[in-house]
Amino acid sequence: IGLLVNILYACYHGALGVVNQSLWFVAMFAYYAILSSMRFSAVLCDWRRKSSISKDIECFVAKLCGGLLVLLSFILAGVVYISLFQNVAVKHHEIVMITIATYTFYKITVAIIRAVKQRKNTVPLLVALRTIRYAEVAASLLTLQRSMLISFGSMDNKSIALMNGLTGISVCLFILLLGIFTILRSSKERKNTHGKV
C-alpha cells in the first residue's frame, strides 16, 4: 500500500510538472519514481529473504540502494542549482499546497514511528528501507518549503533563494550521508556474515 501511494504521489508530481511546466515537479517525479523502484526491490528481496535469497544478495541489494541514494543526492543538487539560478518557480493553488503539506506531515509521522519501532533491527534490507523513507521525507520537506515560500511567502526573491539554497544543500548532504551509511552498513554486515562462516 505504501509503495502504491508513493507511485501515485510521484505521478501527482509529474502531472503538476506538465500542467505548470515546472522543471522542479518533473524532477521530483523522477526522484520519487527512482525511490519507489528502490523500495520495491528492497521489499521484494526482504519478502523472499527467509526462503531463497542469500545474505550476500540481501547485502548487495542494500548496497545498491545506498549507491542510488548517493547518485540521487548529486542529481537533486543539480536540480536545486538549476531551479535557483534560472529562477524556476511557479505559484500553486491552495489545494495543491494542502495536498503536499498533508502528505509530507504524514510521511514524517510514519518515518518517526517506524524509526522508533525498528531502531534495534539491523537487517540490511530493513535499514535500506528506513534510509529510503528518510530520503523521501527530506525531499518532501524541501518541496514543501519551496512551494510554500513561492505561494504564500512575503519574502523578497533574494531571501527566498537563500532559504531554498540552504535547505537544498542540507537535504542533498543528508541524502548523500544516508547513501554512504547504507553502503557501509551493508558491507559491515556482509563481512560479519562471512566472518561467522
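The axes of helix 4 and helix 5 come within 9 Å, and they cross at roughly 150°. Angles over 145 degrees count as roughly antiparallel, so helix 4 and helix 5 are roughly antiparallel to each other. The crossing of helix 4 past helix 5 is left-handed. Keep in mind throughout that this is a predicted model.

Who meets whom at this pair? On the helix 4 side, the residues include Met97, Ile100, Ala101, Thr104, Phe105 and Ile108. Val110, Ala111, Arg114 and Ala115 are also among them. On the helix 5 side, the list includes Arg133, Tyr134, Val137, Ser140, Leu141 and Leu144. Ser147, Met148 and Ser151 belong to that helix 5 list too.

Pick out threonine 104 from that set. Threonine 104 lies in helix 4. Is threonine 104 buried or exposed? Its relative accessibility is 0%, so threonine 104 counts as buried. Leave out residues up to four places away in sequence, and threonine 104 touches Tyr9, Ser140, Leu141 and Leu144.

Now go to serine 151. Serine 151 is found in helix 5, which covers residues 124–151. Its relative accessible area is 13%. The cut-off for buried is under 20%, so serine 151 is buried. Serine 151 and glutamate 94 are 57 residues apart along the chain, and their C-alpha atoms are separated by 8.2 Å.

How many aromatic pairs does the structure hold? It holds one. The partners are tyrosine 103 and tyrosine 106, with ring centres 5.9 Å apart and planes at 25°. Planes under 30 degrees apart count as stacked, so this pair is stacked. Helix 4 spans residues 94–117, and the two tyrosines sit three residues apart in it, so about one helical turn separates them. Tyrosine 103 has a relative accessible area of 12%, so it is buried. Tyrosine 106 is at 49%, so it counts as partly exposed.

Next, the other partner of helix 5. Helix 3, residues 55–85, packs with helix 5 at an angle of about 15°, and the axes are 9 Å apart. Why is this pair called roughly parallel? Angles under 35 degrees count as roughly parallel, and helix 3 and helix 5 are therefore roughly parallel to each other. Helix 3 also passes helix 5 in a left-handed crossing. From helix 3, the meeting residues include Cys59, Val61, Ala62, Cys65 and Leu69. From helix 5, they include Pro124, Leu125, Ala128, Ile132 and Leu142.

Serine 22 lies in the loop between helix 1, residues 2–20, and helix 2. Serine 22 and serine 83 are 61 residues apart in sequence, but 9.5 Å apart in space, C-alpha to C-alpha. Serine 22 has 4% relative accessibility, so it counts as buried.

On to helix 2, residues 23–49, where serine 36 has its place. At 4% relative accessibility, serine 36 counts as buried. What does serine 36 touch, not counting residues up to four places away in sequence? It touches Leu3, Asn6 and Ile7. Phenylalanine 40 is found in helix 2 as well. Its relative accessibility is 45%, so phenylalanine 40 counts as partly exposed. The C-alpha atoms of phenylalanine 40 and leucine 4 are separated by 9.8 Å, at 36 residues apart along the chain.

Last, zoom out to the whole chain. There are six helices and zero strands. Along the sequence, the pattern reads α-α-α-α-α-α. The chain has 197 residues, and 44% of them count as buried. Take the contacts with a separation of 6 or more: residues 24 or more positions apart account for 80% of them. For the surface, the chain exposes about 10,900 Å², and carbon and sulfur atoms supply 69% of that.

How values were computed
Residues numbered from 1 in each chain as written. Predicted model: local features only at pLDDT ≥ 70, side-chain atom pairs only at ≥ 80, totals over all residues. Heavy atoms only, no water. Helix = DSSP H or I, 4+ residues; strand = E, 2+ residues; numbered from the N terminus. Buried < 20%, exposed > 50% of the residue type's maximum accessible area, 1.4 Å probe, protein only. Phe/Tyr/Trp six-rings, centres within 6.5 Å; stacked < 30°, edge-to-face > 60°. Contact = heavy atoms within 4.5 Å. Areas by Shrake-Rupley, 256 points an atom, 1.4 Å probe, with all protein chains shown as cover. Axes fitted to C-alpha atoms, helices over the stretch in contact; angles between N-to-C directions. Parallel < 35°, antiparallel > 145°, perpendicular 65-115°, else oblique. Left-handed = near helix turned anticlockwise from the far one by under 90°.
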